[in-house]
Amino acid sequence: VEPQPKSDFAEFRDVFSKAKHIAIITGAGVSAESSLPTFRAASGHWRKWKTQDLATPQAFSRNSSRVWEFYHYWRELALKAKPSAVHVAIAECEARLRQQGRTVVVITQNTDELHRQAGSKHILEVHGSLFRTRCLSCGDVDVNHHSPICAALQGKGDPDPNSTEADIPVEHLPRCDERGCDGLLRPDVIWFGETLDSHVLTKVEKELDACDLCLLVGTASVVFPAAMFAPQVASRGVPVAEFNIRPRPSTSRFTFYFQGPCAETIPIALA
Ligand code: BJW
């Protein structure tokens, strides 16, 4: 009989108090606490499409206007969002442990920059950021928090399935402002079928190898390779603690499982 994950905060806090290098892997459930929709819930649909229909290079080359409308919608939501109690507890934990010579790294699949806003310093954004653009012509990557990102997207991106498509001509979509370039910009996020940034992945591997405690918070763990990060740590015999509103098949492989909204469980665990 497989041992069941434990749900005892006192036991977790005993392990936590001894850990020197803590890796915290986060997903959309953390940002759900900031009222951002998750990807795989019904609320994660935009018009009649799922993320898998829009977050691909093929979708962007077929219909850049539609994909930009989708990302414009996300950027505007994320710009208005405030870090939740979970983001704050994680950032405070990092600052507190740093005083004691201990480290915390946030390995996030989220692209909304809310960990950064909450004050986390050591962050690896494995799926990129909604607030960076990449030029398809010259490859230039830029930070961009403009609202709207271009005039033509003003007021567009309504998620209602009955709303009309903006059909913005490509020359009015976000363009590169590097001298003489004017190439089409795309969001600097990782789409399905694209490889993760190898520099970021190398850093993730180092952190996963070095950590002596891993927290897995608010992710469905269905998107690869991120879905393998926590199981990889567990297979080294290092404790993994999962925080999610519902258990998933791999939950049974972990040392701890705390069921419920992570805004309730994480502040207790990291207090
Ligand atoms: C709460 C809560 C609360 C709610 N409190 N909890 C190997 C096997 C099978 C497939 C593949 C494979 N290797 C590659 C693939 C293909 C693909 C893939 O994994 N597909 C799967 C769907 C099967 N992977 C890729 O394409 C990746 N690239 C790659 O592997 O390259 C190599 C390669 C190329 C070609 C062929 C083969 C290999 C790239 C994946 C990039 C994903 N990008 C996205 C979009 C980013 C841009 C954007 O932000 O728009 O990233 S997809 C989307 O999913 C987004 C998220 O970061 C990611 C993960 O979602 P997450 O965070 O788990 O969210 P949800 O909504 O799914 O779950 C929320 C969870 O929170 C739930 O569990 C809730 O219960 C919980 N929750 N409220 C606590 N309050």
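Mentor: The account below begins with the strands and then moves to the helices and loops.

This is a predicted model, in which local features need pLDDT of at least 70, side-chain atom pairs count only at pLDDT 80 or more, and totals for chains, interfaces and linings use all residues. Residues are numbered from 1 along each chain as its sequence is written, and side-chain values use heavy atoms, with hydrogens and water left out. The mean pLDDT (the predictor's confidence in each residue, from 0 to 100) is 97, and 99% of the residues reach 70 or more. The model scores are ipTM 0.95 and pTM 0.97.

Helices (H or I, at least four residues) and strands (E, at least two) are DSSP runs, numbered from the N terminus. Strands of a sheet pair through backbone hydrogen bonds, either parallel or antiparallel. Two strands are said to pair if DSSP finds at least two bridges between them.

Consider strand S2, residues 103-108. Five of its six residues are buried, so S2 is largely enclosed by the rest of the structure. Here buried means under 20% relative accessible area, exposed means over 50%, and partly exposed lies in between, with a 1.4 Å probe and protein chains only. Strand S1 (residues 21-26) runs parallel to S2, and six bridges join them; Ile22 has Val104 of S2 as its bridge partner. S2 is also joined to strand S3 (residues 123-125) by three bridges, again in parallel, and Ile107 stands opposite Leu124 of S3.

A further three strands form an open sheet in the order S5-S4-S6, with antiparallel pairing. S5 and S6 are the edge strands, each pairing on one side only. From one strand to the next, the twist averages 40°. Five bridges link strand S4 (residues 128-135) with S6 in the antiparallel sense, and the partner of Gly128 in S6 is Val189. Helix H5 (residues 64-80) packs on this sheet and touches S4 and S6, its direction making about 140° with that of S4. Contact means heavy atoms within 4.5 Å. Axes are lines fitted to C-alpha atoms, for helices over the stretch in contact, and angles run from 0 to 180 degrees between N-to-C directions.

Two packed helices are described by the angle between their axes and the distance between the axes. Helix H1 (residues 9-18) packs against helix H10 (residues 262-269) at about 50°, with the axes 10 Å apart. H1 and H10 are therefore oblique to each other: angles under 35 degrees count as roughly parallel, over 145 as roughly antiparallel, 65 to 115 as roughly perpendicular, and the rest as oblique. In this contact, H1 supplies Phe9, Phe12, Arg13 and Phe16, while H10 supplies Thr265, Ile268 and Ala269.

The loops hold some backbone details. The loop between strand S5 (141-143) and strand S6 (185-189) contains Pro148, which a cis peptide bond joins to Ser147, with omega about -5°. Asp167 lies in the loop between S5 and S6 as well; its phi is near 45°, a positive value in a residue other than glycine, and Asp167 is exposed at 55% relative accessibility. Arg47, in the loop between helix H2 (28-32) and helix H3 (51-54), has a positive phi near 50°, yet Arg47 is buried, with a relative accessible area of 7%. Finally, the bond from Phe224 to Pro225 is cis, with omega near 0°, and Pro225 lies between strand S7 (213-217) and helix H9 (229-234).
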